[in-house]
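This briefing is intended for a reader who has the sequence and the 3D view at hand. Please keep both open while reading the points below.

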Amino acid sequence: LALPRARMLGFDLMKNFKQPYFATSIPDFWRRWHISLTTWFRDYLYIPLGGNRVSKWRWYVNIMIVFLVSGFWHGAAWSFIIWGFLHGIFQMIDLWTQKSRRKMNSFMKIKENSFDVLFFKRVWTFVLVSFAWIFFRAETFEKAMLVISNSIDLSFYQLLDGSMYELGLDSKDFTLAILLIIGLLAFWSIDKRYPIRTWLYEKHIATRYIVYLSTIFFILIFGYYGSEYNVDEFIYFQF
């Protein structure tokens, strides 16, 4: 939504997010997530440190420095530092295992671009990113460990029988979340083959405004405003 509004005012902004939760690896996630910030770190920190044009171990050190600084940029707390450290570790593991994964796929005749392989990669990347987000969101390291502990204790049976109180969801909220995820996947699949923005621009102005107003209506109906419309609950308001 920001890009069309900026263009209306005569500003041409870069696309800052490219469906990051559909990433197939952690490096792919960072090519999609907060692109303006990652570009700045690349140009003014990673490249001056030597980037990947150094020895292998120095390259790993450069990667870790960038992610630790990224964590510290978000806040002077151990939780943010750990978040950056985890992403640095994820990046290095991806680099360490690239050759072995390719050899294994070649030996087992696994097509890396097949649907099932890409689906597994996206799910695994989402799990890793979500795990790191726990430390990003938690106010302290102790609270982050409590969240992880409670997540492990949450049994599969509790999800099936509808007792989602450990997740802060009732059965109605859980069903709605599943439906929204399915809707998001359907929208992404359609938009990938038939870009909705291009299709919409070709329609009559009345059709476009019906879509715009309908979108605003659904945001107002299904949007979350917090207790007494306290927007400060959105974590990025502190940055």
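The side chains of Arg32 and Asp28 form a salt bridge, with an N to O distance of 3.2 Å; the term denotes a side-chain nitrogen of Lys or Arg within 4 Å of a carboxyl oxygen of Asp or Glu. The model is a predicted one, in which local features need pLDDT of at least 70, side-chain atom pairs count only at pLDDT 80 or more, and totals for chains, interfaces and linings use all residues. Residues are numbered from 1 along each chain as its sequence is written, and side-chain values use heavy atoms, leaving out hydrogens and water.

**Salt bridges**

- Side chains of opposite charge can pair when their charged atoms come close.
- Five salt bridges are counted by this rule.
- Asp28, Arg31 and Arg32 are linked in a network of salt bridges.
- Helix H2 (residues 26-32) holds both Arg32 and Asp28, four residues apart, about one turn of the helix; a helix is a DSSP run of H or I with at least four residues, numbered from the N terminus.
- Another salt bridge joins the side chains of Arg42 and Asp43 at 2.9 Å, N to O.
- Asp94 and Arg101 also meet through their side chains in a salt bridge, at 3.4 Å, N to O.

**Exposure of the paired residues**

- Both Arg32 and Asp28 are buried, a term for under 20% relative accessible area, where exposed means over 50% and partly exposed lies in between (1.4 Å probe, protein chains only).
- Arg42 is partly exposed because its relative accessible area is 42%, and Asp43 is also partly exposed, at 33%.
- Asp94 is buried at 15%, whereas Arg101 is partly exposed at 33%.

Methods: Helix = DSSP H or I, 4+ residues; strand = E, 2+ residues; numbered from the N terminus.
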